[in-house]
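Here is a short briefing to read alongside the model.

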Amino acid sequence: MKHVTLNNGVKMPQLGYGVYQVEPAEAERCVSEALKVGYRLIDTAQAYRNEEGVGAAVKNSGIARSEVFLVSKVWISNYGYEHAKASIDESLRQLQTEYIDLMLLHQPFCDYYGAYRALEDAYREGKLRAIGVSNFQPNHFIDLASNVDIVPAVNQVETHVFCQQIKAKEYMDSFGTHIMSWGPLAEGRNGLFTNPVLEAIGKAHGKSVAQVALRYLTQRDVIIIPKSTHRERMEQNFSIYDFELTDTEMEQIKALDLGKSAFFDHNDPETVKMFMGWRGL
């Protein structure tokens, strides 16, 4: 398992398991399976309403808490300093843990500055080992990172072969912030699983299209959290470090970048509303 080192020295697994859209009743089973497969990074959020199942799975796994890297996110209804501070304590309770390894702000809306101050204080108190943001486009990210005491360790954004966040990653790199992908397989959009470029590269390595798409991201130093509720696919998504893409193959995949979201237009308010509804938030 490869790790990345965050800007505060904390080591984080590069490959993890995400539980977005995993029903609360299913979360414990799915996370338990993922831990058995070998995943040690688990990504959840207050808005997913499955922190309790994630916490139970980790607690009952028999794996030392220090070996599991837990990520959660403060939802916008909990923004503002006091609300965010209370919500962090509630997440700790739901996850049945004394600390969360990485806590993010879920969206760049409402009083996210107040919420981020709550993250900073919780970090100083030892409740959080690292802090960051999610879905922060370059304008939001640069503004926040330039005006806080603790620069975000991570920015989790839509990142896959069709939306590679090349320029956004450059901005993050300039602040020492790691890019983390949600939707690393684009949920199969744009014909990802039948893409001829990915199929040809997969055939050359004896790997699936999904494995090629995920390996591409990891070779670009992107943190990924593919999700599946099926053990076989969990295992397949986990098996991506036993081959390496060539420079030529990396360039071929880079050329697939469409430079835009596969899900919504960031600049269209109506589409943003649709996006938030589609994400179940």
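Predicted model: local features only at pLDDT ≥ 70, side-chain atom pairs only at ≥ 80, totals over all residues.

Residues are numbered from 1 along each chain as its sequence is written, and side-chain values use heavy atoms, with hydrogens and water left out.

**The sheet**

- Eight strands make an open sheet with parallel pairing, in the order β3-β4-β5-β6-β7-β8-β9-β10.
- The edges are β3 (17-18) and β10 (223-224), each with a single partner strand, so one side of each has no neighbour in the sheet.
- Helices (H or I, at least four residues) and strands (E, at least two) are DSSP runs, numbered from the N terminus, and two strands pair if DSSP finds at least two bridges between them.

- Strand β5 covers residues 69-74, and six of its six residues are buried.
- In a regular strand the side chains alternate between the two faces of the sheet.
- On one flank, β4 and β5 run parallel and are joined by three bridges, with Ile42 opposite Leu70.
- Four bridges tie β5 to the parallel strand β6 (residues 102-105), where Leu105 stands opposite Val74.
- From β5 the chain crosses through helix α3 (residues 81-95) to β6 in a right-handed β-α-β crossover.
- Another right-handed β-α-β unit is made by β4, α2 and β5.
- Right-handed means that, with the strands pointing away from the viewer, the path from the first strand over the helix to the second runs clockwise.
- Further along, β6 is joined by three bridges to β7 (residues 131-134), which runs parallel to it, and Leu104 faces Gly132.
- Leu70 belongs to β5 and counts as buried because its relative accessibility is 1%.
- The C-alpha atoms of Leu70 and Val222 are separated by 17 Å, although the two residues are 152 apart along the chain.

**Pocket and cavities**

- On a 1 Å grid over the protein atoms alone, a cavity is a set of points where a 1.4 Å probe fits but cannot get out, while a pocket is an open set with protein on both sides within 12 Å along at least five of seven lines; lining residues have an atom within 4 Å of a point.
- Grid points are joined across faces, edges and corners, and a volume is the space filled by probe spheres set on the points.
- The largest pocket has a volume of about 510 Å³. Its lining has 23 residues, and the closest to the centre are Leu185, Glu187, Pro226, Lys227 and Ser228.
- Helix α9 (residues 231-238) gives the largest share of that pocket's lining, three residues.
- By class, the pocket lining has ten nonpolar, eight polar and five charged residues. Ala, Val, Leu, Ile, Met, Phe, Trp, Tyr, Cys and Pro count as nonpolar, Asp, Glu, Lys and Arg as charged, and the others, Gly among them, as polar.
- There are two cavities of 30 Å³ or more, and the largest cavity holds about 50 Å³.
- The residues lining the largest cavity include Tyr81, Lys85, Asp121 and Lys127, and α3 supplies the largest share, four residues.
- The largest cavity's lining has four nonpolar, no polar and five charged residues.

**Single residues and annotation**

- UniProt, in an unreviewed entry, lists Tyr48 for "active site"; such annotations may be inferred rather than shown by experiment.
- Tyr48 sits in the loop between β4 (41-43) and α2 (51-59), and counts as buried because its relative accessibility is 9%.
- Gln96 is not a glycine, yet has a positive phi of about 55 degrees. Gln96 lies in the loop between α3 and β6.
- Asn135 also has a positive phi, of about 65 degrees, and lies in the loop between β7 and α5 (138-145).

Technical notes
Buried < 20%, exposed > 50% of the residue type's maximum accessible area, 1.4 Å probe, protein only.
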